[in-house]
Amino acid sequence: MHRTRTADLPRTSRPAGATVLLTALVAALLAALLAALVAVAWPTAAAAAEVAPTPAQPDDTVTWTVQPATAEGPDDRISLRHVLDPGASVAEHVTITNLGETTATFAVYAGDGVLSDSGYFDLPPTGTPPRDGGSWVALGTVEGAQAQEDGTLLVSLDAGAAVTVPLTITVPADARPGDHPAGVVAELVAGDDLRLAARNGVRLHLRVTGDIEAGLAPTDVTTRWEPSWNPFAPGTVHVSYRVENTGDVRLAARAVTTLAGPFGVAAAEDRTEVREVLPGQQVLVEAAVPVWPVVRVTGHVDTRPWVVGEDVVDAALRTGSAQVTVWTVPWTQVALLVLVVGGVLGVRWWRRRSAATLQARIDAAVAAAGLDGATSPRAEPGDGDSDDDSDRTVTAGR
């Protein structure tokens with residue numbers, strides 16, 4: 001390969017006037033840029049200088065805790081856990097401590113246990129009447145507290161103060177065997193009627209004795225095929241479903257989504273662990289399974305239950321399953337195939353058209369030269385030798 005060196009290139013000379021002009025233009029641009037930067041930065045600096053420092057304010061943030069307790073005060077438990085017969089009752093306590101530096105008022109109440117959208121234990125919004133385990137809890141009398149008609153206690157605590165609230169849990173005689181999650185919370189109250197969405201609480205694990213069932217099932221299964229724009233990469237099948245607790249006790253779940261093409265080709269799966277599903281409740285799961293576009297894939301969603309923490313489940317764990325069918329049309333690959341075939345046909349057409357054009361030009365050139373249809377001169381009758389045999393001399397062999 002021949003390389004052209006700098007020395008091989010012809011050199012051009014720049015007039016001195018042009019050099020001076022270019023230098024002046026560059027200097028002007030730099031000066032304008034510097035002026036713009038100063039103009040932008042100056043108002044900000046001036047505004048910052050005009051803002052006087054704010055005097056330090058006292059810390060009025062309210063921090064509080066709610067802990068399991070005995071009548072003497074908090075103990076080392078993290079929740080209230082009881083296994084009770086239908087119709088039985090038990091006495092318990094919770095202690096509320098104001099860790100802030102100002103006096104605060106708290107609304108103390110019980111509610112049914114639910115799971116938030118992120119899968120954590122929670123209680124329904126304020127004002128929702130309990131219908132299950134939360135309705136079994138009755139708060140006792142606290143000196144200085146105001147009892148409300150709905151069973152809520154309004155407790156005011158000075159900074160650093162604590163109060164122990166007694167409560168009684170009474171199981172109805174016709175209660176269903178199994179788990180009945182509940183909780184007791186202390187919610188911060190601002191003003192007389194305004195409540196903030198800030199609360200701490202203690203969880204109640206309440207289980208009623210009797211025969212129980214334990215099982216999970218996938219419900220509301222939906223699928224969506226998302227092809228990849230890269231024809232040499234798999235697409236994604238989005239599978240959305242809910243893990244429903246069809247039994248009587250809380251369970252965790254190992255949810256598995258398995259998909260494969262015809263004859264089991266291009267098999268893939270997604271595994272998701274659900275920390276907890278309460279009885280009669282559901283948890284949303286969204287799985288993304290990488291799948292090659294083999295036109296149609298089938299599979300199933302399995303929800304395999306397992307025991308949570310230190311729970312004891314004296315029942316067989318039932319696994320739920322749901323069939324899944326997804327059309328995975330290879331649109332990207334079809335588009336690539338169309339482009340390839342179209343390209344091949346286009347090249348062939350172009351070559352034929354070029355050949356025809358070239359031949360037409362050749363024919364036109366030949367016609368323009370006057371050679372089209374030219375032939376050798378023909379002999380006319382009477383010219384030269386005659387075709388008459390009488391005019392020919394035949395020499396016989398001697």
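**Entry: L188.** I started with L188, which counts as buried because its relative accessibility is 11%. My cut-offs: buried is under 20% relative accessible area, exposed is over 50%, and partly exposed is in between (1.4 Å probe, protein chains only). L188 sits in strand β13, residues 182–190. Helices (H or I, at least four residues) and strands (E, at least two) are DSSP runs here, numbered from the N terminus.

**Entry: ground rules.** This is a predicted model, so I note that local features need pLDDT of at least 70 and side-chain atom pairs count only at pLDDT 80 or more, while totals for chains, interfaces and linings use all residues. Residues are numbered from 1 along each chain as its sequence is written, and side-chain values use heavy atoms, with hydrogens and water left out.

**Entry: whole chain.** I find two helices and 22 strands in the chain. Of its 398 residues, 32% are buried. I looked up contacts (heavy atoms within 4.5 Å). Among those between residues at least 6 apart in sequence, 72% join residues at least 24 apart. Accessible areas come from the Shrake-Rupley method with a 1.4 Å probe, and for residues only the protein chains shown count as cover.

**Entry: the open sheet.** What is the strand order in the open sheet? I read β2-β1-β4-β11-β8, five strands with antiparallel pairing. β2 (73–74) and β8 (137–139) are at the edges with a single partner strand each, so one side of each has no neighbour in the sheet. Strands pair if DSSP finds at least two bridges between them.

I then went through the pairings:
- β1 (residues 64–70) and β2 run antiparallel and are joined by two bridges; A69 has P74 in β2 as its bridge partner.
- β1 and β4 are also antiparallel, with six bridges; P68 has V94 in β4 as its bridge partner.
- β4 and β11 (residues 162–170) are antiparallel over nine bridges; T97 has A162 in β11 as its bridge partner.

I also checked cover on β4 (residues 89–98): eight of its 10 residues are buried. A reminder to myself: in a regular strand the side chains alternate between the two faces of the sheet.

**Entry: H82.** H82 is in strand β3, residues 80–84. Is H82 buried or exposed? It counts as buried, because its relative accessibility is 15%. Its side chain makes a polar contact with the side chain of E92 at 2.7 Å. For polar contacts I use a pair of N or O atoms within 3.5 Å; within protein, one must be able to donate a hydrogen and the other to accept it, and residues adjacent in sequence count only if both atoms are side-chain atoms. Leaving out residues up to four places away in sequence, H82 touches V90, E92, I169, H205, L206 and R207.

**Entry: salt bridges.** I get 13 salt bridges in the structure, each a side-chain nitrogen of Lys or Arg within 4 Å of a carboxyl oxygen of Asp or Glu. R207, from the H82 contact list, forms one with D179, with the closest N and O atoms 2.6 Å apart. That pair links distant parts of the chain: R207 is in β14 (residues 194–208) and D179 is in β12 (residues 178–179), 28 residues apart. Both R207 and D179 are buried.

Next I looked up E269 and R271, a salt bridge with its closest N and O atoms 2.8 Å apart. E269 is partly exposed at 39% relative accessible area, and R271 is exposed at 55%.

Then D302 and R304, whose side chains meet in a salt bridge at 4.0 Å, N to O. D302 counts as buried at 10% relative accessibility, whereas R304 is partly exposed at 37%. I also noted a network: salt bridges that share partners join R81, R203, R250, E276 and D311.

**Entry: surface patch.** Which residues make the nonpolar surface patch of about 240 Å²? They are L358, I362 and V366. Patches take residues with over 30% relative accessible area and no salt bridge, joining like charges within 9 Å and nonpolar side chains (Val, Leu, Ile, Met, Phe, Trp, Tyr) within 5 Å. V366 is in helix α2, residues 331–368, and counts as partly exposed at 35% relative accessibility.
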